[in-house]
Each structure stands twice: as C-alpha cells, then as structure tokens.
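Please look over the sequence and the model before reading on.

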Amino acid sequence: MRGVGLVFSRFLEVDINTGVIVGMLIVLFYAVLGGMKGITYTQVAQYCVLIFAFMVPAIFISIQMTGNPIPQLGFGSTLADGSGTYLLDKLDGLSTDLGFAEYTEGSKSMVDVFAITLALMVGTAGLPHVIVRFFTVKRVKDARKSAGIALLLIVILYTTAPAVAVFARTNMIETVSNKSYAEVPVWFKKWETTGLITFTDKNNDGHIQYVADKSKNELVVDNDIMVLANPEIANLPDWVIALVAAGALAAALSTAAGLLLVISASVSHDLIKKIINPNISEKNELAAARLSAVVAVCVAGYFGINPPGFVAATVALAFGLAAASFFPAIILGIFYKKMNKEGAIAGMVVGITAMLLYMVKYRLGWFDDVLPDKSEWWFGISPEGFGTIAMLLNFIVSIVIMRFTPDPPQEVQDIVENIRIPSGAGDATH
C-alpha cells in the first residue's frame, strides 16, 4: 500500500498519508469488482507494463552514463565521458567524499545475505496469492510453462535492480549535493510537497549539504522514492517518467488485488463456510468476503502510513513470514505422504510465531525502550533473513509432531501419491 501511496502522492502533489488513503480506496474498488479470472487477466497486462516501465528508463540511463545499453553490464562499465573511470569507482568516491562508506563495501555479513536470499526464494514459493494463480490454468503443462516464463522475467527484473540503484544514487548526489537550493531542479520541489524529501538549511548558506554527519546533514531522502524519482533525476523525457509511474502503479495494484482476493476468499470460504457456518448463503458469503477485504485494506493502509521499514525491507519481512509458515507445509504435504494435519499446523504455528516475535523485537522494538542493536541479532541474521531460521524450525516441529500423531487417512495419502503421476500415464513397462 505504501507503493500505491508513493505514486499518488507524487503525481497528485499531496503528502504521503493522503496518497496512501487515495490508494486504499482505489485498490479496494479495483479488487472488489474483479474476481479471480478478471484479476488474473489484468495482472498479465500489468506485468507487461511493469517490466517495460522498469527496463526502459534503466536502458536510457545506462546509455546516458556508460554508453552500454544493457543495464546489468552498464553499472560495471566505465563512464561515457572518456575518463576511463568505472561507474562504481566514481560512486565510491562520491560517497566517501560526503563521509559515507564506500557504496560497494556492503554492510551485511555473508550469513545474513544468504539467509535473506533463501527467505526470499522460499517465501516466493509460499506466497498464497502466487499459488492460487495456478488454479486458473487447466493443465499442468500450462502451469509449468507460465512458471518458467515468469522466472525468466523475474531474472531480468531482479538483475536490473542493482544497476538502477547505482544510477539513481550517482545522479542524485551529483544533482543536489552542494547545490544552491534556489537552483534545484523541478523534481526536487515536487517531491518536497510529498514530505518524502526534506531540506533544512542548518547553516543558512542557501546550499544543500548532503553528508553522513547527521549534525551537519541538511537533506533527508526517503529510500522508497528512488526508483520512481530515478528518471526525473536523470532528466529523462516526460513520457519515460509517466511510464515509470504507470509501472509502479501496475506493480502495486496487481500485488494488492491478488492479496486481497486471497484474504477475502480465505475468510469467507475457508473459515466461515467450511468451519464456522457451513449453511451460510452465497449472498452472505460474498458480503463476508467484501467486509474482510475492507478490513484488510484498512490494516494495509495503517502500515502504509506507519511502515515498519522502507518498502524493500517490509516486502522482505512479508516473504520471511511466508517462508516461515506456508513453505514447509507445502513441501512436506506434497513429497511426504505421511505428513498429517497435526504436524503441519504445529509447524506453521511455531514458524510464524518465531518470525513475528523476532520481527517485533528487532525491527519494531516493541519489547524494549529502544530498538535493539544489530549485535544482538541471533547468529548475526537480520529480521529480513530470519524467515530462513523460522522455516527450519517449522520443518523440525512438523516432522517431530507427525511422528507422535496418527497417520493421515488413506484417501489423503492416495491423493498425495496420485499428484506425482502425470495425467493419462499408463502402467510402467520394462
């Protein structure tokens, strides 16, 4: 929801909180009107817009800065000015001149990076709004084909992200650092209206001092705006700026709509229809689905206005929760036919509880007066990567509880066994 709010706050030129509220209303209207099939078709179009909108400015800026049209290669190339200086070396120099650490130095340990990467990978496999997409295809072949195409597009997107970060950081430092506030570009003033860029002239010299020393630093830039502001900072054509805005909105709407659909269906059908009130009418079931969507949007809106971190960190936490809860149950349910509901439920409860407690303590700081220091992290793993540890706990608890509880019914074991046999396959022959 924070991403939707960013787009609306920038282009409606309102503060971020108003942008989030506008986004809440639009997402709710959009998700409630569309069903599973409608949202699936629109998400195909939205992803086309997203990938195109993300790649076009990256290619533009890569050519502009390095002369290389491939962003993945451009950010490791020399500058186009003929100086022979590598772009990353230039960014390291700009960073150290301002008192920051070298950009390429990195601040996370190898263990933490591995844990975050694994949590993102298995979290993706456990995201419910991704899993339900496979319900919309008729054949296993189609599901596998769509998964392959999606993975290819994701590789393109994810390998471009580091290049976009380098381009944006370099252009921003060169554009605003030690520049006169009276002469800053138009994009700077427009982002100021959102409250996501703030300038405080501490020494009253009329120039922007952007430095690592917090007592002297006069510029605060919200991390969340960098992708959206990147083409404006690079002074790209207006149509490219509009394209990026469309892509950001498409990404936010497609994700939000998919999640709302899963939440509303889970509450109305899986919880109310199957457990609480099996005799509920379709009309009341639909009303319950819409009401749960409203509640979910309100919760998302609250965290959009009061985010636990910048967007990327918040997304990583969500993936960690998916890794800690759903992924082990899915894997064990498919590949181990003796796995029963007692083991799966116990593992999910332990995994998601461990992840939530760790996140609340070390990311939100609710258990302490101040946010605990990084030195207190378990095994040096950040909250974004703790989903990996919680996932392992889930696996262990699931298997242990399964050993001391009855096997699942034979018909359930038969279903699991049949999943592994391709439809229409005959008996094995020598």
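A salt bridge is a side-chain nitrogen of Lys or Arg that lies within 4 Å of a carboxyl oxygen of Asp or Glu. With that definition, a search of the whole structure, which is a predicted model, finds four salt bridges.

**Salt bridges**

- Lys 90 and Glu 174 meet through their side chains in a salt bridge, with an N to O distance of 2.5 Å. Because Lys 90 lies in helix H5 (residues 87–97) and Glu 174 in helix H8 (residues 140–176), the pair ties together parts that are 84 residues apart in sequence.
- Both partners of that pair fall into the intermediate class of accessibility, since Lys 90 counts as partly exposed at 23% relative accessibility, and Glu 174 counts as partly exposed at 33%.
- Another salt bridge is formed by the side chains of Lys 108 and Asp 112, at 3.5 Å from N to O. Here Lys 108 is partly exposed, with a relative accessible area of 44%, whereas Asp 112 is buried, with a relative accessible area of 1%.
- The side chains of Arg 363 and Glu 384 also meet in a salt bridge, for which the N to O distance is 2.6 Å. This pair links distant parts of the chain, with Arg 363 in helix H14 and Glu 384 in the loop between H14 and H15, 21 residues apart.

**Glu 384 and its partner**

- The loop that holds Glu 384 runs between helix H14 (341–364) and helix H15 (387–403), and the side chains of Glu 384 and Arg 363 are also joined by a polar contact of 2.6 Å.
- Is Glu 384 buried or exposed? Glu 384 has a relative accessibility of 7%, and because buried means under 20% relative accessible area, Glu 384 counts as buried.

**Nonpolar cores**

- The largest nonpolar core has 54 residues, of which Phe 188, Trp 191, Ile 197, Leu 219 and Ile 225 touch the most other members. Helix H11 (residues 238–276) supplies the largest share of this core, namely eight residues.
- When residues up to four places away in sequence are not counted, Ile 225 touches Leu 6, Trp 191, Leu 196 and Ile 197.
- There is also a second, separate core of 13 residues, and among its members are Ala 115, Leu 317, Ile 381 and Phe 386.

- On the surface, a nonpolar patch is formed by Leu 291, Val 294, Val 295, Val 299, Tyr 302 and Phe 303, which together have about 550 Å² of accessible area. Of these, Tyr 302 is found in helix H12 (residues 282–305), and this residue counts as partly exposed at 49% relative accessibility.
- Ile 305 is also found in helix H12, and Ile 305 is partly exposed, with a relative accessible area of 28%.
- Which residues is Ile 305 in contact with, leaving aside its neighbours within four places in sequence? They are Arg 2, Asn 17, Val 20 and Ile 21. Ile 305 and Gly 19 are 286 residues apart in sequence, while their C-alpha atoms are 9.3 Å apart in space.

Notes: Residues numbered from 1 in each chain as written. Predicted model: local features only at pLDDT ≥ 70, side-chain atom pairs only at ≥ 80, totals over all residues. Heavy atoms only, no water. Core = buried A, V, L, I, M, F, W, Y, C linked by side-chain atoms within 4.5 Å. Buried < 20%, exposed > 50% of the residue type's maximum accessible area, 1.4 Å probe, protein only. Helix = DSSP H or I, 4+ residues; strand = E, 2+ residues; numbered from the N terminus. Contact = heavy atoms within 4.5 Å. Patch = residues over 30% accessible without salt bridge, like charges linked within 9 Å, V, L, I, M, F, W, Y side chains within 5 Å. Areas by Shrake-Rupley, 256 points an atom, 1.4 Å probe, with all protein chains shown as cover. Polar contact = N/O pair within 3.5 Å; in protein donor to acceptor, adjacent residues only side chain to side chain.
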